[in-house]
Amino acid sequence: MNPTTLETSRPAAIDDGILATVWQHSPCSIMVTDRSGRIERVNPAFIALNGYSEEELIGRQPGLLRADGLGGAVYKELWETILQGQVWTGRLHNKRKDGSMYWAVVTIRPVFDSSGAISRFLAIAENITAEVEASEEARGTREESDLLAMQSGTVFWRIDETGLYTTVGGTSMQVWGYHPCELIGKMRFHDLFAPLNRDALRRDFLRIFERKEPFVSFLNPILRPDGRITWVETNAVPMIREDGSLAGYVGTDKDVTALKAAQVELANAAGMLRAVINSTPDLIFAKDLGGRTLICNKACAALLGKKPEHMIGRTDQENGWPAADVEKYRKEDQRVLSGETVHIPNDRAEWDGEVLWFDTIKVPMRSASGEILGVLGVSRDVTLIRRAEEERSKREMLFMQAQQIASLGGWEHDFSQDTVTMSPEACRIFGLGPCKDQCSRKSLLERVHPDDRLELEERYLGSIRDGLPTFEWEYRILREPSVPVVHVRLRCQHQRDESGRTVSSVGVVMDVTSHMLLEQQFRQMQKMESIGRLAGGVAHDFNNMLGVILGHTELLLDAVPPIGRMHESLREIQYASNRSAALTRQLLAFARCQAVKPAVVDVNEAIESMIKMLRRLIGEDIDLRWTPCPEPCRVFIDPSQIDQILANLCVNARDAIGNGVGVLEIHTMVEDVSPAPEDNHSGLSSGPHVVLSIRDNGCGMDEKTMERIFEPFFTTKAAGLGTGLGLSTVFGIVKQNHGCIRVTSYPGTGSTFVIHLPLCTEASLPVLAEEIGPLPGGHETILLVEDEASVLSLAAAIIGSLGYRVITASSPGETIAIFNADPGAIDLLVTDVVMPGMNGRELADVLKEIQPGLPVLYVSGHASGLLTSQGIGMESAACLQKPYTVSELAAGLRGLLPRILEPV
């Protein structure tokens, strides 16, 4: 096609439809001004945004939109930029007609006329409706075209084979500015060409001439005598002689100057439209009836990693959209082509593994006559907004879950309405329905415990009256008869207006019932631990004294005849001392400090072996019901401790039943335990446990008694009927074996003791220590260390009586000095465990550095737990528990010495 020929890539109807639809449905607003800044045109989006009618805007300066607060430097820079022919983009703070303010991101670009001068300015803001502008421009083009049609004239002419005019119509003055007499025989066709593209036009003219081709819509500029240019459209046919030679041309020149101007204006409008479309971040596209792309802005093409020109004329599938999206788009387009406007507020698209979200609207693209020519769409990328909403929803959900987990609810008290608005968790705490998130303060106050109601009201209102910034209080609420009293902690901040008057209170309410229970359990555990430490300390000192008494008694018994009052008195002293030693063992059991020899014990077998004894212990009037677990119930415990637990609890149940007929039930089971938060201080660990339950239908206990039942020496029995150590011993044994004991009891309904002990999953048999028979003494040298003088004297006498050489020391420092004076002379170290300055294990470690392999016999009247922390097990043959007998001490000494006498 000849480049000077008027041409369009699409039918004009389609172009009109595209411009009209883009203008009508674009989300951006647009304003067109002349070179001085007076408003010439605005689109509906602009009107809707600013609140002015078109009549109020045309001819006025944009300054009427200018709001206070934005410096004049911005507008100065704006004008300097656009008057230099450059594009200005920035953010402006504008004012609507109703006085409200808004910010707009505006792009202002100059528009040039055909001579290259600035003729007007185009301001583009977000939400511009490009279709309205296109409609206005198209209307202006049609008006100018109508004016051109009225004023246009046509020149009829004839030229010879050299291009010389031979005939010229009379309208040449009107169209060309030349009189026919100035042309005929004097000027050639191409002599009228204006300097603009003259050489190129002459070449095109001569080429057509040489080929004897017709001129069809040959567009060329005519330079008039007055210097003005008239654009004409030439249509001509060649005149051929009989011999085939060219005789000339006959044709017409039609004045199309107005049409050319309209074409330039349309091109400018199209340029502005392209600028609008390509500068907006929204995706703008148009498709024909066959689904091929007619318009695609830069934002749309960039999403696919392409340029707009590479997408024109192709379908969605050819442009690379995912197959699933292509089918979805096809169905949407079919609805639009039927005349429907389609809005997809959550248009999901997946591209390169990333999920994107768009707010898309598709409308029918119509011609000026209303015929549907295709689909026009605008999509706004709302991915960030969607993600922000999802993040906000997630945070709100997390916040609600956090409130539920923490039993913490939010609330606000509006003083003007005297109403309280609460979060769902606050509603749950107060026992309100999930939908009743607002109620009167009076109705909430009615849920407060009567004993706390008046004080809460006075303190809350008093904090407001006294001008305090915050308020905090703990009180009780009653939700419903079947629900226990709930303890809550309320905390709030008072909100005041400018005058200082309190208008609302915003705060939180927390369910602290479980916290209070935990605190009570913790205080109880602290109390029991303190009593246990006291009991252990008393038992330690008492054991030292008992050791002296029993030791001297045993020596005297060996020295006096086995008959007579002296021997009988010594036996009574020995009996009383042994009973006192048993009492200290009970104290140590409560303090979890007694020496034990744990083994793997099946609780079922242990109970079965004691059933007959237990029946005799509780009497015939009490029905003993024993229900064993069908599976093994193995625990790692000293077998004698199982006997102690059963005996003490059964005797306690017998005394609770009294002289009447009663029932005592013993059950065992295996249970996998997951401790609740309130069990944090109970000692109960996770995992499988053996559960021993002992239940009676006796008199039961009240709450105050329950708080003290495990304290040593506490008893409800009459004087002389109980020591008050039975339950404390059970408590100590259970705790020492990493278990948990719970009691449920009410007056008149009996009591249930439930004991959890960790299940032993390895069915290993206990390793019994080899029994050592009576051994003779020896002649080795033994270093005896004891900080208690009476115990030291007695132990030295006993060891000396066995034939050993004894060296005594009353402190670790003295011991080290003795040992350093003659290294290697000591065959055995006998040391107390608990001593001031340095314990027995630390002392032994120091001496073993001097003499490796030194055998050590540890002696203690204190806690096995302490020995274990020192790395010393009381079940070991190298440990001796106070008070001890002469035979136990002799066996302990002789059991260690043979090992160093054997050849290496």
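1. Asp696, leaving aside neighbours within four places in sequence, is in contact with Ala653, Ala656, Ile657, Val663, Leu664, Thr749, Gly750 and Ser751. The model is predicted, and what follows should be read with that in mind. Asp696 belongs to strand β26, residues 687-696. Its relative accessibility is 3%, so Asp696 counts as buried, the cut-off being under 20%. The side chain of Asp696 reaches the backbone nitrogen of Gly698 at 2.8 Å. Between Asp696 and Ser745 there are 49 residues of sequence separation, yet the C-alpha to C-alpha distance is 9.8 Å.

2. Helices α18 (residues 603-618) and α19 (residues 639-657) have axes that come within 10 Å and cross at roughly 35°. The crossing is right-handed. On the α18 side the contact is made by Val603, Ala606, Ile607, Met610, Leu614, Leu617 and Ile618. On the α19 side the contributors are Ile642, Asp643, Leu646, Ala647, Cys650, Val651 and Arg654. Helix α19 spans residues 639-657, and Ala653, Ala656 and Ile657 are among the residues in contact with Asp696.

3. For the chain as a whole, there are 26 helices and 33 strands. The chain has 904 residues, of which 44% count as buried. Among contacts between residues at least 6 apart in sequence, 58% join residues at least 24 apart.

4. How many aromatic pairs does a search of the whole structure find? The count is 16. In one of them, Trp157 and Tyr165, the ring centres are 6.3 Å apart and the planes stand at 90°, so the pair is edge-to-face. Trp157 is at 3% relative accessibility and counts as buried. Tyr165 is buried too, with a relative accessible area of 1%.

5. Phe189 and Phe193 also form an edge-to-face pair, with 5.7 Å from centre to centre and 85° between the planes. Phe189 has 2% relative accessibility and counts as buried, and Phe193 is buried at 0%. Ring pairs link Trp157, Tyr165, Trp176, Phe189, Phe193, Phe205, Phe209, Phe215, Phe218 and Tyr249 into a cluster.

6. Arg202 is found in helix α7, residues 198-211, and at 27% relative accessibility counts as partly exposed. Not counting residues up to four places away in sequence, Arg202 touches His190 and Phe193. Arg202 and Asp191 are eleven residues apart in sequence, with 9.0 Å between their C-alpha atoms. His190 lies in the loop between α6 (172-175) and α7. Is His190 buried or exposed? With a relative accessible area of 13%, His190 is buried.

7. The charged end of Arg386 sits over the ring of Trp357, at 3.7 Å from the ring centre.

8. His494 lies in strand β20, residues 486-496. Its relative accessible area is 7%, which makes His494 buried. A polar contact of 3.0 Å joins the side chains of His494 and Ser463. Beyond neighbours within four places in sequence, His494 is in contact with Tyr460, Ser463, Ile464, Leu468, Pro469, Thr470, Phe471, Thr502, Ser504 and Ser505.

9. Most residues other than glycine have a negative phi. Lys212 has a phi near 60°, a positive value in a residue other than glycine. Lys212 is found in the loop between α7 and β8 (215-223), and at 35% relative accessibility counts as partly exposed. His738 likewise has a positive phi, near 60°. His738 is found in the loop between α21 (726-736) and β27 (740-746). At 60% relative accessibility, His738 counts as exposed.

Notes: Residues are numbered from 1 along each chain as its sequence is written. This is a predicted model: local features need pLDDT of at least 70, side-chain atom pairs count only at pLDDT 80 or more; totals for chains, interfaces and linings use all residues. Side-chain values use heavy atoms; hydrogens and water are left out. Rings of Phe, Tyr and Trp (its six-membered ring) pair if their centres lie within 6.5 Å; planes under 30 degrees apart count as stacked, over 60 as edge-to-face and the rest as tilted. Buried means under 20% relative accessible area, exposed over 50%, partly exposed in between (1.4 Å probe, protein chains only). A charge sits over a ring if NZ of Lys or CZ of Arg is within 6 Å of the ring centre and within 35 degrees of the ring normal. Helices (H or I, at least four residues) and strands (E, at least two) are DSSP runs, numbered from the N terminus. A polar contact is a pair of N or O atoms within 3.5 Å; within protein, one must be able to donate a hydrogen and the other to accept it, and residues adjacent in sequence count only if both atoms are side-chain atoms. Contact means heavy atoms within 4.5 Å. Axes are lines fitted to C-alpha atoms, for helices over the stretch in contact, and angles run from 0 to 180 degrees between N-to-C directions. A crossing is left-handed if the near helix is turned anticlockwise from the far one by less than a right angle, and right-handed if clockwise.
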